[in-house]
Amino acid sequence: MFTGIIEAVGTIASIQPRTEKGHDGLSLIISTQQLDLSDVALGDSIAVNGVCLTVTALTHDSFAVDVSGETLNCTVGLDQPAARVNLEKAMRLSDRLGGHLVSGHVDAVGVVVKVECIGECVELVIRAPQSVVRYLAHKGSITVNGVSLTINRIEDHTFSVNLIPHTLAMTNLKELVPGMRVNLETDMLARYVARLLNLEDSQD
């Protein structure tokens, strides 16, 4: 589990195809000078651009992960050499929940349709598939490339969020321009509520 509060931005330093029999996908090496890896062990989870991945190798300033073909098919940004990626280590039960509960399982890929500076902040408008929009609520939570954000407005298949200076400084969201794709994860509480409502409707 994660909180959507990004700890550092890393770089995809290496991408290699997985060649083991019965496996597909890629093996990545993520380099980071900012993320403290001293308390990370092999097998731990780190969210990379909002995708929960398992650490398979480790140095003082980099870690390796494997990404399956299925994950590559439903996410964006993990197959781009030198790409800058948002990083967050898995939360401890004793940690403060500064964002919201994030699983690291991406629901869908959205498309940036607008990036507008408003003073020191930026309004970001994203087009999302209906499978995501149905779980969105005004002032509810959404995860964009692993970043926990509050929804300001929902119109048809788009939603907007506000990026404050701290978020722009600490994440790769400042690099977004219209047309770029982003990983989206809806609030898991919204999904559970919708599931319960569907079960109640089916029993009427």
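I began with N86, which in this predicted model sits in strand 6, the run covering residues 84-89. I then looked up its accessibility and found 1% in relative terms, so N86 counts as buried, the cut-off for that class being under 20%. For a polar partner I noted the side chain of N172, which the side chain of N86 meets in a polar contact at 2.8 Å. Leaving aside residues up to four places away in sequence, I listed what N86 touches: I6, A8, V9, A47, V48, N49, N145, V147, T171, N172 and L173.

Then I went to the nonpolar cores. The largest has 23 residues, of which I126, I142, V144, L149, F159, L163 and L184 touch the most other members. I recorded that strands 7, 8, 9, 10, 11 and 12, together with helix 2 (130-133), each supply at least two residues of this core. Apart from this core I found another, of 21 residues, with A8, L35, V51 and V67 among them.

Last, I looked up the surroundings of I142, again not counting residues up to four places away in sequence, and its contacts include H100, V132, L136, V147, L149, F159, V161 and E185.

Note on methods: Residues numbered from 1 in each chain as written. Predicted model: local features only at pLDDT ≥ 70, side-chain atom pairs only at ≥ 80, totals over all residues. Heavy atoms only, no water. Core = buried A, V, L, I, M, F, W, Y, C linked by side-chain atoms within 4.5 Å. Buried < 20%, exposed > 50% of the residue type's maximum accessible area, 1.4 Å probe, protein only. Helix = DSSP H or I, 4+ residues; strand = E, 2+ residues; numbered from the N terminus. Contact = heavy atoms within 4.5 Å. Polar contact = N/O pair within 3.5 Å; in protein donor to acceptor, adjacent residues only side chain to side chain.
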